[in-house]
Amino acid sequence: MAQFLLQRLTISLLVAITVSIIGFSLLRLSGDLAAELAGEDATQEEIAQVAKAYGLDRPFHIQYLDWVGKALQGDLGRSLFTNEPVLELITTRLPVTVQLATYSLILALLVALPLGVLAAMKQNTWIDRLALSIAVFGQAIPSFWFALLMILFFGVILRWLPISGTDTWRHFIMPTITLSTFAMPQFMRLTRTGMLDVLESDFIRTARAKGLSPVIVLWKHALRNAVLPVVSLAAVAFGFLLGGSFIVESIFAVNGVGFLALESIIRQDFPVVQSIVVFISFVYIVLTLLSDLINAQLDPRIRLT
Amino acid sequence: MVTDTADIPYSEDSILAVRGMNVDISVPAGTLHAVTNSAFHVKQGETLCIVGESGCGKSITSLAVMGLLPANATVTADVLKFEGRDLLSMSQKQLSELRGNRMGMIFQDPMTSLNPVYTIGNQMQEIYVRHGKGNAQQAKDRAIYLLEKVGITAAESRLGQYPHQLSGGLRQRVMIAMMLMNDPVLIIADEPTTALDVTIQAQILHLLADLQKEFNMALILITHDLGVVARIADRVAVMYAGYMVETGSSDEVFNAPMHPYTQGLIDCIPIPGKTERGAQLGSIPGIVPALVGDQEGCMFRSRCDYAMEKCAVGDVPRQALGEMRGYRCVIGPEQAEANLQASRAKAAVAAGE
């Protein structure tokens, strides 16, 4: 187990370094940052001054190492727009995003796992078809459109739920439903296929030959084998929910990391954008590591490789 | 469907008694008659071997007894009794109380028959606790005792191991030990050695035979290996295309096979000391016919040396020679006996040349 952990940590570290280099370069490849910061009418001289002020005139690798060195000490620079430290900007916005992503992930799994198991058990019946229809619906409908429909229906017409902000738990209902509607179908499909595979396997026949009750056969012997891929997917999906909910956060005015990223891109606030990109990548790395560890806990065969 | 096996007597103390059992499986192409008019029984301490080629219905027969067939299979029978209780009228719940408790089953592939994500100990204890035999500690003690019984060293430390940490032979030993946890009266072993190395096969078979004696169980061994049958069977049932074409004691079936198929099968076995090195072994030409749809006549006729016109029509009668001695063929016992002598004489001449 220790060796497994060490191996995964080494891989994670390598990925982290690669991602930070790519993230850092992409922003510099997207155009001349100094020219954009100096404004449209700026002269060559003014652009050069801006470049010097922000250190953009230095060679690429010096800029990168300088940035990494400071980042390791917790200094991600300051926002060009508000002059607040970037780290602070992100950490103040993070809790609400984490909260929303967690609720959405939990809701999605709570619906997807039982539905997927049920669909697999009742394969080719109306229950199976209904579950698959729900999945197609969830995957096909654009999040922003679904969000707007909910706002219109529950917020404007029925006036049951608040439509923006994050003041109470009721504010989280609609954003959570929107995000989990998007995440649920893939979990459901994967659970269903996994269960169908596992239910055919020899050890399930053994479990039945032992006289175990259908409940034990299903939830103890089948599900644990079937959910292994779902765990991996859930980690990726959680990363997506943490970093990719730009649209949903903007629609419901949830003042989270996604919203901050969107604002900063529009304001050309490059220290913030660059930090968020790298930050989200790190979230993915940590979550992937976590899912590897959970899978190793669930399946002893993984621990050996 | 004629069920001329319904009236074959069986003693009330039989652990398992089956008469006129049919298993039909509905498949996209129609109805597959996997088992037709099957009849057999086993008593305490007795070993019955069911022999046949792949796809002859021997595994389906055992799964039918265990109540483990898929939902698209239908079982009908004149008699299907386990310890005197009618299995057909039992609910799934009642059947599950017998499975793993009074009757156990060992499968062909030990590599995939144990759950990969639970320890050996967990899987062995579970079957004991499920059937209310005692608590986890008692289950653990019993598991260790049985693991030692099946010849596994360091039994206690094995309990914490996962299936992938054991070899195929060890896993099959674990399967056997697990199925013995609740002292069953019947063990069905479905080709338990087919997936194992040849050197391990003999060990596992000896183990099964020894345990069967020690625990005084009834054993149904399903195999396509006649050498195995000759060594451990008390009685034999030969299956072909869903039919039990010949039944009898091991001695009777091996010494005086009546059905052309059985005669052919026994011809295929080389006999140490008798069969010349390099001699031509017997073989049965052709393949097993498809079993989908209604069939008429004898299923073996396309491969049979003695096939005649009447083999293609109607149901083939069962020729009864004794209580559980019989075969299903239009050829009467005297002619069958004569055929056997003739073919053996011919083989002797061929060997002499």
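How many residues does the contact take from chain B and how many from chain A? I counted 22 residues from chain B and 19 residues from chain A, where two residues are in contact if their C-beta atoms, placed from the backbone, lie within 7 Å. I then asked which elements supply the side of chain B that touches chain A, and found that helix H2 (92–98), helix H3 (110–113) and helix H4 (120–130) of chain B each give at least two residues. The largest share, three residues, comes from H2(B). By class, this side of chain B divides into 10 nonpolar, eight polar and four charged residues; Ala, Val, Leu, Ile, Met, Phe, Trp, Tyr, Cys and Pro count as nonpolar, Asp, Glu, Lys and Arg as charged, and the others, Gly among them, as polar.

Ground rules and confidence.
I note that this is a predicted model, in which local features need pLDDT of at least 70 and side-chain atom pairs count only at pLDDT 80 or more, while totals for chains, interfaces and linings use all residues. Residues are numbered from 1 along each chain as its sequence is written, and chains are lettered from A and ligands numbered from 1 in the order in which they are written. Helices (H or I, at least four residues) and strands (E, at least two) are DSSP runs, numbered from the N terminus. The model scores ipTM 0.88 and pTM 0.82. For pLDDT, the predictor's confidence in each residue, from 0 to 100, chain A averages 86, with 99% of the residues at 70 or above, and chain B averages 88, with 94% of the residues scoring at least 70. Within chain A, confidence is lowest in helix H2 (residues 33–38), at a mean of 76, and highest in H9(A), at 95.

Chain A.
I looked up the domain bounds, which come from an automatic or database domain assignment, and chain A is divided into domain 1 (31–75) and domain 2 (86–304). The C-alpha centres of these two domains of chain A lie 38 Å apart. Helix H5 (residues 86–121) and helix H8 (residues 169–199) of chain A pack at an angle of about 35°, with their axes 6 Å apart; axes are lines fitted to C-alpha atoms, for helices over the stretch in contact, and angles run from 0 to 180 degrees between N-to-C directions. The contact of H5(A) with H8(A) has 23 nonpolar, five polar and one charged residues.
I also checked helix H9 (residues 202–209) and helix H10 (residues 214–226) of chain A, which pack at about 145° with axes 10 Å apart. Here A:Phe203, A:Ile204, A:Ala207 and A:Arg208 in H9(A) meet A:Val217, A:His221 and A:Ala222 in H10(A), and the residues of this contact divide into five nonpolar, one polar and one charged.

Chain B.
The domain assignment of chain B gives domain 1 (16–102 + 182–352) and domain 2 (113–181), with C-alpha centres 31 Å apart. Their contact takes 15 residues from domain 1 and 13 residues from domain 2 of chain B. On the domain 1 side, the largest share, seven residues, comes from helix H8 (residues 198–215) of chain B, and that side has 11 nonpolar, four polar and no charged residues.
I then followed the open sheet of chain B, in which eight strands run in the order S7-S8-S9-S3-S10-S11-S13-S12 with mixed pairing; two strands pair if DSSP finds at least two bridges between them. Why is one side of strand S7 (103–106) and of strand S12 (318–320) of chain B left without a neighbour in the sheet? Both stand at the edges, each with a single partner strand, so one side of each has no neighbour there. Strand S3 (residues 47–51) and strand S9 (residues 218–223) of chain B pair in the parallel sense over five bridges, and B:Cys49 has B:Leu221 in S9(B) as its bridge partner.
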